[in-house]
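Please keep the sequence and the model open while reading.

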2 protein chains.
Amino acid sequence: MTNPATKETIRICEVGPRDGLQMAKSRMETGTKVRWIAAIAAAGVREIEVGSFVPPRVIPQLSDTQEVVARSLEIPGFAVQALVPNLRGAQNAYNTGAHRISFPVSVSEGHSRANLNRTPADSIAEAKRMMQWVKAQERKMPVIAGCSTAFGCSIDGVVTTDQVVRVATGLAEAGVDEIALADTVGYGHPAQIKEVVRAVRAAIGDVLVGLHLHDTCGLGIANALAGVEEGIRMFDSSLAGLGGCPYAPGASGNIVTEDLVFMLESMGFSTGIDLDKLIAARAILHEGLPDEPMHGQVQKAGIPKTFRAAA
Amino acid sequence: MTNPATKETIRICEVGPRDGLQMAKSRMETGTKVRWIAAIAAAGVREIEVGSFVPPRVIPQLSDTQEVVARSLEIPGFAVQALVPNLRGAQNAYNTGAHRISFPVSVSEGHSRANLNRTPADSIAEAKRMMQWVKAQERKMPVIAGCSTAFGCSIDGVVTTDQVVRVATGLAEAGVDEIALADTVGYGHPAQIKEVVRAVRAAIGDVLVGLHLHDTCGLGIANALAGVEEGIRMFDSSLAGLGGCPYAPGASGNIVTEDLVFMLESMGFSTGIDLDKLIAARAILHEGLPDEPMHGQVQKAGIPKTFRAAA
């Protein structure tokens, strides 16, 4: 079904060590976290969000981010990414040596106030300050801005395409290197993904690179497919779909990296990831957080014998 | 995001009472089964596969099919469908009063021999005999043939598009009313769904109406989306994704009706189904089979407040 000679690459950024652990009920020990990150990298994942430079009291599970970033830098083969909520976080990330940073901006007013205690306009102003500082540094540190609640908000409800376009445009003008659209609460559906991606791309072009999707309502992988069909070539995902949704107890978290890789590789895209090794990395996650539910269908079913076989 | 004036209909055939129960570890009591079917019908599902006219020793869970069909006929508002493996089954279904029958034909030799103890060519010959008999009867009883293992086989591995086209063409020539392609073991991926649907439609036109998908590897809903995008307007699915895969212990079963309806209605299609009532029907399933795992994300997360809200 696929022609290896024409394989197109899709980037996968593993966000389990940040978005997944931040929702976990207990705290993963730092040494285990670093071994887990190393196992994910060994499977061929080339971008991993390893932590978040937020005050330790806000997210205790990620209070060791500085150490995790430092030790991750010793693991070869992947870009060490950290989330930062503001300029100060960016400075901390830079000083620790992070290769890349992500900067979340809520599109909806309600989520923005609840989660970041500021308006979307405030966030764009912060992005501008941050980019000025980042670009003045000696070392290059690319910044990817994530437009949170781009497909709906558990507080405000509907988020319009115009709202997303406005925030994405503001961020592009602020000078961020890349932008991803995030279905933070998992309300999005495929037709909406396509509509919003098209509208944002019409406004900011190729600065839009990625989608950050949650599987809250079971549409995560279908939404990823919709993104692929609209030309998106970068996805955030989480090993074992670790995490959840603070607004929907029992709901699953980010889309499952294993299932996403299975789909993309089956369809003839190259992710650079070894699916067997990726599945093997689940063992360390389970060791570090034995009580955390682990999602993912391809691991349960076993990799089909038709995987990567030409028909 | 959607325009109610242009809503297109998508048919959903609930197959939980047949494909789901057939995989269940215990047997659902007949009265509970009928109440469950009534609850699904009350939610607006207009096609339900309520059982299978196979010898009771083959599938004990469905040995009450004759009674279930008879009692289902008293429930208003839906087409009572039964699976039949051969002409004799079709005769039993007709005599019991079934509105429609489904007839499975394995595309792969291995699955055909293991599951039906005959070759695909034998099945097509049986379809021909069956259609002659069915069409000679006074009452109309439409026949939908399902091409099993159309996207891969756990025994034979890869199933080629040509194999599917050959079997589908044979069935169309045998005179079946409708044809569905089944991803029996859940090996299919979206690009393959599109390729095979296109090829089969090129061969047999609009006799191809449906897809029967399993979520074995987590791609079920994405595969449904791929089908929708190729113009498929009929899907089999199962409440709570009941069932499983005999070849993959721990794997989930058919795609989850609730999640499928959530996606399709969100995208602006009309299924005629009330999602709240559909979710409520899970309670009877759980009552009848308390030990059976129940899948479905939208039920866990709760229906988002943006559902069916125009943006």
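α4(A) and α6(A) cross in the right-handed sense; a crossing counts as right-handed if the near helix is turned clockwise from the far one by less than a right angle, and as left-handed if anticlockwise. This is a predicted model, in which local features need pLDDT of at least 70 and side-chain atom pairs count only at pLDDT 80 or more, while totals for chains, interfaces and linings use all residues. Residues are numbered from 1 along each chain as its sequence is written, and chains are lettered from A and ligands numbered from 1 in the order in which they are written.

**Helix pair in chain A**

- Helix α4 (residues 87–96) of chain A packs against helix α6 (residues 120–135) of chain A at an angle of about 30°, and their axes are 9 Å apart. Helices (H or I, at least four residues) and strands (E, at least two) are DSSP runs, numbered from the N terminus. Axes are lines fitted to C-alpha atoms, for helices over the stretch in contact, and angles run from 0 to 180 degrees between N-to-C directions.
- α4(A) and α6(A) are therefore roughly parallel to each other (under 35 degrees is roughly parallel, over 145 roughly antiparallel, 65 to 115 roughly perpendicular and the rest oblique).
- Leu87(A), Ala90(A) and Gln91(A) of α4(A) make the contact with Glu126(A), Arg129(A), Met130(A), Trp133(A) and Val134(A) of α6(A). Residues are in contact if their C-beta atoms, placed from the backbone, lie within 7 Å.

**Barrel of chain A**

- In chain A, 8 strands close into a barrel in the order β1-β2-β3-β4-β5-β6-β7-β8, with parallel pairing. Two strands pair if DSSP finds at least two bridges between them.
- Neighbouring strands of this sheet are turned by 25° against each other on average, direction ignored.
- Strand β7 (residues 208–213) of chain A runs parallel to strand β8 (residues 234–237) of chain A, joined by 3 bridges. Gly210(A) stands opposite Met234(A) in β8(A).
- Helix α3 (residues 65–72) of chain A lies across β2 (47–52) and β3 (79–83) of chain A, at about 155° to β2(A).

**Barrel of chain B**

- The 8 strands of the barrel in chain B follow the order β1-β2-β3-β4-β5-β6-β7-β8, and the pairing is parallel.
- Strands β3 (residues 79–83) and β4 (residues 100–106) of chain B run parallel, joined by 3 bridges. Leu83(B) has Ser102(B) as its bridge partner in β4(B).
- Helix α1 (residues 16–23) of chain B packs on the sheet and touches β1, β2 (47–52) and β3 of chain B, and its direction makes about 40° with that of β2(B).
- Strand β1 (residues 11–14) of chain B is joined by 4 bridges to strand β8 (residues 234–237) of chain B, and the two run parallel. Cys13(B) has Asp236(B) as its bridge partner in β8(B).
- Strand β7 (residues 208–212) of chain B pairs with β8(B) in the parallel sense over 3 bridges, and Leu211(B) has Phe235(B) as its bridge partner in β8(B).

**Relation of the two chains**

- The axes of helix α9 (residues 220–229) of chain A and α9(B) come within 7 Å and cross at roughly 45°. α9(A) and α9(B) are therefore oblique to each other.

Terms used:
Contact = placed C-beta atoms within 7 Å.
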